[in-house]
Amino acid sequence: MPCAICGSTRRGLVTKWGDVVCDGHSHFEFCHWCLRPVGTGHGFCRMCSKSTRRGRSFDDLRQRTLEWCTRTIGDHSLSTVPVFLVSEPALNSLVYGMTQWQTDGFFVQSNVSLFDGLPEVSLMSTLVHEYAHIVLFCDPLDFTFSPLGDELSKEECEGFCELMAYQFLGEEMGSEGARVQRRLLENGNLTYSDGLKMMLRRWSTTKDLPRLISDLTGRPIRRPDSSGRKSRPPVAMPVIPKDTIVKIGNTRVPIDWRDGWTREPLPKTPSPVTREPIDWRHT
Ligand SMILES: [Zn+2]
Ligand SMILES: [Zn+2]
Ligand SMILES: [Zn+2]
């Protein structure tokens, strides 16, 4: 197998993730998105740089994630959630995905921001992760608030979102998806990787994602429809003004207005390699 960094077929080492690094590199690091070896100072490997949106429009990629969600969790209105592609400085270089939300206690309004420079596969799986946050906060069909979903621990919450991303990668993204799946499991940020492993254990007892969503949010189980019925038209994202007042009897009371966000920090990558690790095999 040629060297993952320079393509040379010289003798080398095989990393834990099955890639060869030839003897020409005394120092190297790992790609943030797939854990392929890269030369020092490069965030992306050649594959991930090449796969950055391959000229396809973001709408096509988003459509693919929305269709997968329909097949997996049933009807939803996630297509009406605004998604913003933002450049690195706008989002903060250490955050690559974010969901903002606000609620009046009845409905949830939210939007998603994604770092525009992500490789295509990670861009889509990150979008699925952000949609999963919305699935926990509210019923994705009509955006009614789900208080139980809002009370989950950070590990449960991020773990569930990583689980949905993990399943999307496994079902839709082929061998590159399998690589990013491993990357999710090996994230040095344990809220994400331990959360994912916990949710994989919970999911594996029934292999039933709609049931797991119901367990986490207290909502009734909703399943994808296999009857061929035309899916329900999506509901528009509600607008929640901050000063909403509701009338209960003759009393006007301020509603339970809250807002927040979830931000995905850049995955933690294994330390740069500067000498031969003793547990590696030689090619
Ligand atoms: Zn090399
Ligand atoms: Zn990569
Ligand atoms: Zn998250």
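The model is predicted; local features need pLDDT of at least 70, side-chain atom pairs count only at pLDDT 80 or more, and totals for chains, interfaces and linings use all residues. Residues are numbered from 1 along each chain as its sequence is written, while chains are lettered from A and ligands numbered from 1 in the order in which they are written.

**Overall make-up**

- The chain holds 9 helices and 11 strands (DSSP runs numbered from the N terminus: helices are H or I with at least four residues, strands are E with at least two).
- Of its 283 residues, 35% are buried (20 or more other C-beta atoms within 10 Å of a residue's own; exposed means 12 or fewer, partly exposed in between; C-beta atoms are placed from the backbone).

**Strand pairing around E6**

- Strand E6 (residues 95-103) runs antiparallel to strand E10 (residues 258-265), with 8 bridges between them (strands pair if DSSP finds at least two bridges between them).
- Threonine 99 faces threonine 262 of E10.
- E6 also pairs with strand E7 (residues 108-115), antiparallel, over 7 bridges.
- Threonine 103 has valine 108 in E7 as its bridge partner.
- The E6 and E7 hairpin has 4 residues between its strands, and glycine 105 there has a positive phi near 95°.

- Most residues other than glycine have a negative phi.
- Phenylalanine 143 has a positive phi of about 65°. Its loop lies between helix H4 (120-137) and helix H5 (147-150). Phenylalanine 143 is buried because it has 27 C-beta neighbours inside 10 Å.
- Lysine 207 has a positive phi of about 50°. Its loop lies between helix H8 (190-206) and helix H9 (209-217). Lysine 207 is exposed, with 8 other C-beta atoms within 10 Å.
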